[in-house]
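Colleague: I am new to this one. Please take me through the bonds and charged pairs.

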Amino acid sequence: MTWAELSQRFSSCPINCLLDNGDTYLNLMIVQERWDLVEKLLDAGADRNLQDTMDVSPLHEAVTKQTMPLHLVEKLVTPENINYRIHN
């Protein structure tokens, strides 16, 4: 699948919708290890915290993939999806 093919699907299911199988576009591309499309989805505004119907977030999917580039993992980490504390 190319970015053009993926983005054409947004007309029937926007970038942050749940697909018929319960996945999000972002989770699906992480599972398929399509790092090029993961980066494009993130840059296009895909919700890093949107869970699929199994309550799996993109970050949860990412930690199972030892081949995911570190710069993409860093893009997934937000204060909302980790135990985030600021110590004074």
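Colleague: Are Cys13 and Cys17 buried or exposed?

Modeller: Cys13 is buried, and Cys17 is buried too. Buried means under 20% relative accessible area, exposed over 50%, and partly exposed in between (1.4 Å probe, protein chains only). This is a predicted model: local features need pLDDT of at least 70, side-chain atom pairs count only at pLDDT 80 or more, and totals for chains, interfaces and linings use all residues. Residues are numbered from 1 along each chain as its sequence is written, and side-chain values use heavy atoms, with hydrogens and water left out.

Colleague: What makes Cys13 and Cys17 a disulfide?

Modeller: Their sulfur atoms are 1.4 Å apart. A disulfide is a pair of cysteine sulfur atoms within 2.5 Å, so the pair qualifies. The structure holds one disulfide.

Colleague: Why is the disulfide of Cys13 and Cys17 called right-handed?

Modeller: Because the torsion about its S-S bond is about 80°.

Colleague: How do you know that Lys75 forms a salt bridge with Asp43?

Modeller: Their closest N and O atoms are 2.8 Å apart. A salt bridge needs a side-chain nitrogen of Lys or Arg within 4 Å of a carboxyl oxygen of Asp or Glu, so this pair counts. Lys75 is in helix 5 and Asp43 in helix 3, 32 residues apart. Glu39, Asp43 and Lys75 are linked in a network of salt bridges.

Colleague: Why is Asp43 called exposed?

Modeller: Its relative accessible area is 56%, so Asp43 is exposed. Lys75, at 25%, counts as partly exposed.

Colleague: How many salt bridges does a search of the whole structure find?

Modeller: Four. One of them joins Arg34 and Asp36, with the closest N and O atoms 3.1 Å apart.

Technical notes:
Helix = DSSP H or I, 4+ residues; strand = E, 2+ residues; numbered from the N terminus.
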